Structure formats: C-alpha cells, structure tokens
Amino acid sequence: MGLHIGSIAPDFNQESTAGPISFHQWLGNSWGILFSHPKDFTPVCTTELGRASKLKEEFGKRGVKLIAVSVDDVASHHKWAGDIEATQGTALNFPILGDADRKVAKLYDMIHPEANDTLTVRSVFIIDPNKKIRTIITYPASTGRNFSEILRVVDSLQLTDSHKVATPADWQDGDDVVIVPALQDPKELAERFPKGFNAVRPYLRLTPQPNK
Ligand code: BEZ
C-alpha cells in the first residue's frame, strides 16, 4: 500500500550532507518537510534549493525542519552546494540526503518510472510532530516548486489543527477562514468565534482568522 495523508512517515537511516541521519530521531518533536529533486547540477533544482534555503528561517518560525533528497551521493551534494551559494545568493542551510542506493526514494515512492526510471520526481511530504504525513504534493521534473505555497500549506495545517476551521481557496495568513460544517452548536460557535461569522450559505460560514 502506498503512502497517504495520515500514514506514519516511514523511518530510515541514510547518509546526508550533515552526516548520518536517523529520520525520526532527526525530526524530534518538529514538523518536517522531506522533498526530493531529480538531480544535482541541474538548473531548476539549483533554484529550488536556493529558494528553500532563503525561506529556512520562515519554516523555522513555524517549527518546521527542511530536508532534501536525490539519488546523487553526498560528495556530489557538497560540490553542488558551492554552485547553489554562488548562483542563488544564499548558502545551502539544511541537509540533503545522499540516496545513491535509492533507499529513501523507494520508501517514499519518489521514482515514477513512466516519467523517469532512475531519477526522483519533485515530491513534497509535510510531516507533523506525531510523524504523520499531513500533505503530499508531487511535481514533474520540469516544474520548479512554489515554496511560498508550501509555507502557506504549513500555515493552514497549523491553524486548522488548533481551531475548528478550514482555509478557503487562495487563503493567505490573515484572511477570513471557513468554519467546519460539523460545528453547529450555537454556544460553541459564539465561544470560538466571538467576532461572529457570515453565513453565505448554511454550509459556507466565513469568520475572521481566530488567532489574529
Ligand atoms: C532541472 O532541475 O532543471 C531538471 C532536472 C531534471 C530534469 C529536468 C529539469
């Protein structure tokens, strides 16, 4: 059976640019984002690792650790890091797993043979502090990811974990949110959403973001 939202993220031991990593231990009590790229020394991947490094502090504010993976070895990653720093205006500041034996790629189904027999696609796994996979996103090799969008998903997950809300299309932190349809008790509605809500439809109730 494949990995789904709600599955426990498989644990592994693998080499990385930061030394050997035991994944669950490395995650500790943090959120984590494990993301694959097809190959070192390729253009789109170089921009992605630079962009993710620039956003590391933003992810850190949300308690999220980043870790990348490709089927290149650690020596290749170290060499490539020099190019990332020279061309992207930022040093690589999180580990990349050296997955030459494809242990992690296979465990997380990151190789899609109809796309490429040997290289990983651009997979993203957002993992919560209970080691549960909370989001899976997959992009083809030709499309660089929008890391601001990945940050937005983290914001949505963390908000919806602590309040009985969901986030609507194109939501950005601070926008109105949706009250989950299951919440119907008038007393609880008043307690949870003291600023009130706008029932556009009985099932579509918008309220100011509760933690703002
Ligand atoms: C890239 O990062 O530019 C790339 C890598 C593999 C296939 C296509 C593009």
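**View 1. Helix α2 and the shell around the ligand.** Helix α2, spanning residues 43-54, contributes the most to the shell around the ligand, namely 3 residues; helices (H or I, at least four residues) and strands (E, at least two) are DSSP runs numbered from the N terminus. The model is predicted: local features need pLDDT of at least 70, side-chain atom pairs count only at pLDDT 80 or more, and totals for chains, interfaces and linings use all residues. Residues are numbered from 1 along each chain as its sequence is written, and side-chain values use heavy atoms, with hydrogens and water left out. P38, T42, P43, V44, C45, R122 and A141 surround the ligand, a residue being near a molecule if one of its heavy atoms lies within 4 Å of it. By class, the shell comprises 5 nonpolar residues, 1 polar and 1 charged; Ala, Val, Leu, Ile, Met, Phe, Trp, Tyr, Cys and Pro count as nonpolar, Asp, Glu, Lys and Arg as charged, and the others, Gly among them, as polar.

View 2. A polar contact here is a pair of N or O atoms within 3.5 Å. A polar backbone atom of V44 is 2.7 Å from an oxygen atom of the ligand. For T42, a polar side-chain atom lies 2.8 Å from a ligand oxygen atom, and for P43 a backbone N or O atom lies 3.3 Å from an oxygen atom of the ligand. The ligand taken alone exposes 260 Å², of which the protein buries 74%; accessible areas come from the Shrake-Rupley method with a 1.4 Å probe.

**View 3. Strand β11 and its partners.** Strands pair if DSSP finds at least two bridges between them. Strand β9 (residues 177-179) runs antiparallel to β11 and is joined to it by 2 bridges, with V178 opposite L206. Strand β10 (residues 198-201) is also antiparallel to β11, through 3 bridges, and N198 has L206 as its bridge partner. A hairpin is formed by β10 and β11, with 2 residues between them. Buried means under 20% relative accessible area (1.4 Å probe, protein chains only).

**View 4. The largest nonpolar core.** This core has 27 residues, and I33, F35, L49, F59 and I126 have the most contacts inside it. Its largest share, 6 residues, comes from α6. A nonpolar core is a set of buried Ala, Val, Leu, Ile, Met, Phe, Trp, Tyr and Cys residues joined through side-chain atoms within 4.5 Å.

Methods: A polar contact is a pair of N or O atoms within 3.5 Å; within protein, one must be able to donate a hydrogen and the other to accept it, and residues adjacent in sequence count only if both atoms are side-chain atoms. Buried means under 20% relative accessible area, exposed over 50%, partly exposed in between (1.4 Å probe, protein chains only).
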